[in-house]
Amino acid sequence: MAAGGSRFLKEPFEVHEQRFEATEKIMELQFSQVEKRLERIEMMMQGLERRLWMTVYGVLAVILTQAVQGVLEYAPK
């Protein structure tokens, strides 16, 4: 008999510990992938927000231009 005790008592704990470490590594990889995806989504949302505001400003500029042209048509010459 070995001085360290029975191998049948230690093996289940070692297997459990290895399984736990593997699960932690998998979870870490999954979380890093989720974080990368969220960063890409956030960047796409920022680009979409910029385009939306440019569209709003463009429409506003067209409306103001038409209003100024309308006022200039009725102004005395």
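Student: Which helix holds Tyr 57?

Tutor: Helices are DSSP runs of H or I with at least four residues, numbered from the N terminus. Tyr 57 sits in helix H1, residues 7-74. This is a predicted model, where local features need pLDDT of at least 70, side-chain atom pairs count only at pLDDT 80 or more, and totals for chains, interfaces and linings use all residues. Residues are numbered from 1 along each chain as its sequence is written, and side-chain values use heavy atoms, without hydrogens and water.

Student: Is Glu 14 buried, partly exposed or exposed?

Tutor: Buried means under 20% relative accessible area, exposed over 50%, partly exposed in between (1.4 Å probe, protein chains only). Glu 14 is partly exposed, at 46%. Glu 14 also belongs to helix H1.

Student: What share of the protein's residues is buried?

Tutor: Buried residues are 1% of the 77.

Notes:
Helices (H or I, at least four residues) and strands (E, at least two) are DSSP runs, numbered from the N terminus.
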